Amino acid sequence: MATPCRYFTTPIYYANGSPHAGHVYATILTSILKTHYSQRGENVKFLTGLDEHGEAVQDKAKELEISPQKLVDDMAILWKKEFARFELNNDIFIRTTDKDHVKNVQDILNYCHKKGDIYFGEHEGYYCIKCEGFLTNSERDENNNCLVHKRPTELRKEKNYFFRTSKYRDKLIDLISQGKITHQEKYKNELLGMLKNLEGDLSISRPKTRLTWGIELPFDKEHVAYVWFDALPNYVTGIGGLDQARTSEFWKNVNHIIGKDIIKFHGIFWPAMCLSLDIPLPKLLITGWLLKDAHKMSKSLGNVVTVDQILHYGRDMFVNFVFRATNPGDDIDISWKSYFERYNSDLANGVGNLLSRTLAMIEKYFERKIPKFHLNELNDEQKEIVKISQNALINVTKSFDEFRIADAMNEISNLVSLADKLIANQKPWEIAKNNDEKSLAQLENILATCVGVLRTVGYLSYSFHPSKMNELLLSIGENLNHTPPSINKVKEFTSIYSGFVCDHIPKLFNRIDIAAELAAIEPDKKKEIKKSEVKKVDKSEKLSNIENKNSDTNLATDIIQIQDFSKVQMRVGTVVSAECVDGSDKLLKLVVSLGEFGERQIFSGIREWVKPEEVVNHKVIIVCNLAPRKMRFGTSEGMMLSTDTIEGKISPVFLPEYLKEGSLLS
Ligand SMILES: [Zn+2]
């Protein structure tokens, strides 16, 4: 039988910005799929890359005063570098400025043009430069702002070439209804709704008078291809071009992994183009958005999870969180707290701990040698684990085939729990106290079963955590040399390397201190919440501004230069007096002595946490060159620094007694 072929693609990412968490999510998902099907012996291709043409790139290059080519060349280097940090295994990194892609797009344009599916016409409509397209009525608000980008559109009238989407409309309705376009039922109706609202045909060219950064139409040198018409064919370029798509086994089983924000182009225009090109239709695996604390990530909200943050905690923690949270298709809400908790429970206390305790017992009871199975003496619990582990192969592969990735992960995690339970129930440390042969066999069976589970987990989890599973399997005698192992090995549960000397107990996943990590990554979160409460209660006083702690800046990512820091003048002060302010339940009025620099009156919003007598006569840090702030109660001439206590309160930062009043902090 011929080896089955499969082709997975990520969206190609727009080259006018750097990678973000959403890109990482889609690309790692595709990488996991590639590894998994490779482990099943299939021939798998994985394409990712950059969408490099179009108005937004041209504009960005202009803004930076460089050529568009220079911009996209730099971007390609950046993206490849970033992706290399995530253990990806793509076969193809396509760039739409590649020569073979340009030729492919022109072949495609010619094919559709000759067929009569492309015609010249005039179009007037509301154009969003960010969408790079004309918007339908349902895609704009009453002021003609783009609903996705929340920005104004432009009314444009243009003579363009059009692709006859309308010709394929009925056919598409059938295909979508039959589930031939999307893997997920839930997106069918969305696509059908979009088709219903579709007005006219798709404009597929831009006059060179307006856009030069694109692929020239082979039948009209005054126009370049519209960026989407240039981008979508990249998937065909990846397997060698239009002729290949007619015959290639890969194109018969192509799956595009895309975000739900681009389903119109992938679920309507692209299948229409494929119908026009007489090539088989691809299928879509649609992913939801990554949210942060239940909000869509956005720079203006300041809730973006950065690629550096993901990398700081590693690919494994990210994978474990986002792919276990839900099956692809739904939105995934990242909160750092649950991000860390999941890691500790699934990886550090889960498979990591099972490995280290199993190997520690093998070290203690069997001089580091992996024990052997006594198959005739397996007890019921052990037999059950063998059976469930072998079934896990069927369940995991089935879950993958239905793109229920979270279910696959849960299946694997369940095995770890069973082994933990086995140890808890059968107490090997008790059995080890006996010196008879039967006890020895029992002890061997318990630990051999644990090794069997670890081996199963190693194979089944390899696509999620390649390096770590490589390390795990190596420690129990299976040297993969970083090559994806055949998943069928899971069938032979008892084929463990008995007698192998475990001379190394890897610490696969170190437990992390959640409170400490939260304090490091979200130092201002608590204050932000408190501030918003303050705003709600006492808006007129604008208390939140009294001591503006600039809590919106993220320590981990917002780097400042030394010159910026030196602008802030901080001195040691002694609190001479402190009193509550009448009419405010938030404020303390302080008088602070700065030695030779005199005394200052400062209002501080710490009354809720600090009594006046707790601060008087203490040395504190004062920001002296802050502009004075007029308030209802008087003028505040500076700011006293304060921070969180381990009990979750707020406290001034107290300095030791021996520091000199008025001296500068630097
Ligand atoms: Zn838009």
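Mentor: What follows looks closely at the strands and their turns, then at some helices and loops for context.

This is a predicted model, in which local features need pLDDT of at least 70, side-chain atom pairs count only at pLDDT 80 or more, and totals for chains, interfaces and linings use all residues. Residues are numbered from 1 along each chain as its sequence is written.

Start with strand β5, residues 118–128. Helices (H or I, at least four residues) and strands (E, at least two) are DSSP runs, numbered from the N terminus. Strand β5 pairs with strand β7 (residues 154–163) in the antiparallel sense, over 10 bridges. Two strands count as paired if DSSP finds at least two bridges between them. One of the bridges links Phe120 to Tyr161 in β7.

Strand β5 also pairs with strand β6 (residues 133–135), again in the antiparallel sense, over 3 bridges. Here Cys128 has Gly133 in β6 as its bridge partner. The hairpin of β5 and β6 has 4 residues between the strands, and Glu132 in this hairpin takes a positive phi near 55°. Most residues other than glycine have a negative phi, and most peptide bonds are trans.

Asn144 lies in the loop between β6 and β7. The phi of Asn144 is positive too, near 65°, in a residue other than glycine. Asn144 is partly exposed, because 14 other C-beta atoms lie within 10 Å. For this term, C-beta atoms are placed from the backbone; a residue is buried if 20 or more other C-beta atoms lie within 10 Å of its own, exposed if 12 or fewer, and partly exposed in between.

Another set of strands forms an open sheet of 3 strands in the order β9-β11-β10, with antiparallel pairing. Its edge strands are β9 (205–207) and β10 (216–217), each of which pairs on one side only. Strand β9 is joined to strand β11 (residues 220–225) by 3 bridges, and Arg206 has Val224 in β11 as its bridge partner.

Now the helices. Helix α18 (residues 466–475) is mostly covered, with 7 of its 10 residues buried. Among them are Pro466, Met469 and Leu473. The cover over the buried residues of α18 includes α1 (21–39), α12 (315–325), α13 (336–366) and α17 (437–460). Contact here requires C-beta atoms, placed from the backbone, to lie within 7 Å. After α18 comes Gly477, with a positive phi near 100°.

Leu33 sits in helix α1. Leu33 is buried, because 22 other C-beta atoms lie within 10 Å. Leu33 and Ile405 are 372 residues apart in sequence, yet 9.3 Å apart in space, C-alpha to C-alpha.

Asn617 has a positive phi of about 70° although it is not a glycine. Asn617 counts as exposed, because it has 12 C-beta neighbours inside 10 Å.

Terms used:
Contact = placed C-beta atoms within 7 Å.
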